[in-house]
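Hello,

Here is the structure I said I would pass on to you. Have a look at it first, and then read my notes below.

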Amino acid sequence: MAYASDIRAQGAQKAGTLSFFETLKAKIARQMLIRETVKELNALSGRELADLGMHRSQIMGVAIAAANERYGAL
């Protein structure tokens, strides 16, 4: 019985490792999207941001919301 549980645990560990790397990949992609969005919005002038209905103080929140919409809140 103990031997069968050990085999099962090893299989679960491999699946957990794969899941870990998939989660890490998603977190990195999410962070890159946030960084790119902030960079692009910071490049806009105050007038251009106003045309979008935004203020400069909202840039980080908008970037995080965009990442959450695409990847979900991690």
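**What I found**

The count of salt bridges comes to one. Before you go further, please keep in mind that this is a predicted model.

Which side chains meet in that salt bridge? They are those of R47 and D51, with 3.7 Å from N to O. Both residues lie in helix α2 (residues 46-51), four residues apart, which is about one turn of the helix. As a rule, an α-helix has 3.6 residues a turn, so residues three or four places apart point the same way. If you look for R47 and D51 on your screen, note that both are exposed.

Next, the aromatic rings. The structure holds one aromatic pair. The ring centres of F20 and F21 lie 5.2 Å apart and their planes are at 70 degrees, so this pair is edge-to-face; the cut-off for that label is over 60 degrees.

I28 is partly exposed, at 46% relative accessible area.

Now please turn to helix α3, which covers residues 59-71. Helix α3 has 13 residues, and from its first C-alpha to its last it reaches 18 Å, close to the 18 Å expected at 1.5 Å a residue. Which residues of α3 are buried? They are I59, A63 and A67. Seen down the axis of α3, these buried residues fall within an arc of 70 degrees, so they line one face of the helix.

Y71 and L33 are 38 residues apart along the chain, and their C-alpha atoms are separated by 9.7 Å. Just after α3 comes G72, which takes a positive phi of about 80 degrees.

Best wishes

Notes
Residues numbered from 1 in each chain as written. Heavy atoms only, no water. Helix = DSSP H or I, 4+ residues; strand = E, 2+ residues; numbered from the N terminus. Expected span 1.5 Å × (residues − 1). Buried < 20%, exposed > 50% of the residue type's maximum accessible area, 1.4 Å probe, protein only. Arc of directions from axis to C-beta. Phe/Tyr/Trp six-rings, centres within 6.5 Å; stacked < 30°, edge-to-face > 60°. Salt bridge = Lys/Arg side-chain N within 4 Å of Asp/Glu carboxyl O.
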